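Biologist: Please put the model up. I want to go through its backbone, its pocket and its core.

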Amino acid sequence: MISVLDIIEDTMVDGPGFRTSIYCAGCRHACPGCHNPQSWDFSGGHPMSTEQIMRIIEADPYANVTFSGGDPMYQPEGFAELARAIRERTDKDIWCFTGFTFETLLHNPRQRQLLELIDVLVDGPFIKSLRDESLLFRGSSNQRLIDVPASLRTGKTVLFQPDV
């Protein structure tokens, strides 16, 4: 089960192309200037099963998937189960937004299980003083778009280069 705030279909702001974005409840980063502070409350969402979410994801054959929030890395088991179902039943790519850094997630076994199922990680807390509206798919210049499979394969952080 995942505590879900909302699921937005056919959005184009949470990664390239059309996406189904799952916004979860709960975040302890509490970044000043966060665009979604209502997502910080861990009790603010409603429980949804992997199967309920998969029905929505599979209903759109064109949209890829984004995990956002809140911070999905506070619910790593639920999101890992969902990511495994996406991998088994679709050919969709998975992006994930988190306030944690990639390097931190590598050392947390619970979060790493989810990390290993993600295609692109947008990492790092939003830092208001580093806000840059010209950046694609992130709010501040400290945040990175990370090609997770390439990074895990090479043992070093590999940045993702969007085609847009």
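The questions and answers below take these topics in turn.

Modeller: This is a predicted model, in which local features need pLDDT of at least 70, side-chain atom pairs count only at pLDDT 80 or more, and totals for chains, interfaces and linings use all residues. Residues are numbered from 1 along each chain as its sequence is written, and side-chain values use heavy atoms, with hydrogens and water left out.

Biologist: Which peptide bond is cis, and what is its omega?

Modeller: Most peptide bonds are trans. Gly70 lies in the loop between β4 (64–68) and α2 (76–89); helices (H or I, at least four residues) and strands (E, at least two) are DSSP runs, numbered from the N terminus. The cis bond runs from Gly69 to Gly70, with omega near 20 degrees.

Biologist: Phi of Asp10 is positive. Is Asp10 buried, partly exposed or exposed?

Modeller: Asp10 is in strand β1 (residues 2–11), and its phi is near 55 degrees. Buried means under 20% relative accessible area, exposed over 50%, partly exposed in between (1.4 Å probe, protein chains only). With a relative accessible area of 43%, Asp10 is partly exposed.

Biologist: And Phe137, buried or exposed?

Modeller: Phe137 also has a positive phi, near 60 degrees. It is in the loop between β6 (120–123) and β7 (144–147). Its relative accessible area is 12%, so Phe137 is buried.

Biologist: How much space lies in the largest pocket?

Modeller: On a 1 Å grid over the protein atoms alone, a pocket is an open set of points with protein on both sides within 12 Å along at least five of seven lines; lining residues have an atom within 4 Å of a point. Grid points are joined across faces, edges and corners, and a volume is the space filled by probe spheres set on the points. The value is about 670 Å³.

Biologist: Which lining residues are closest to its centre?

Modeller: The pocket is lined by 33 residues. The closest to its centre are His35, Phe97, Phe126, Gly139 and Gln143.

How values were computed: 1 Å grid on protein atoms, 1.4 Å probe; cavity = no way out; pocket = protein on both sides within 12 Å on 5 of 7 lines; lining within 4 Å.
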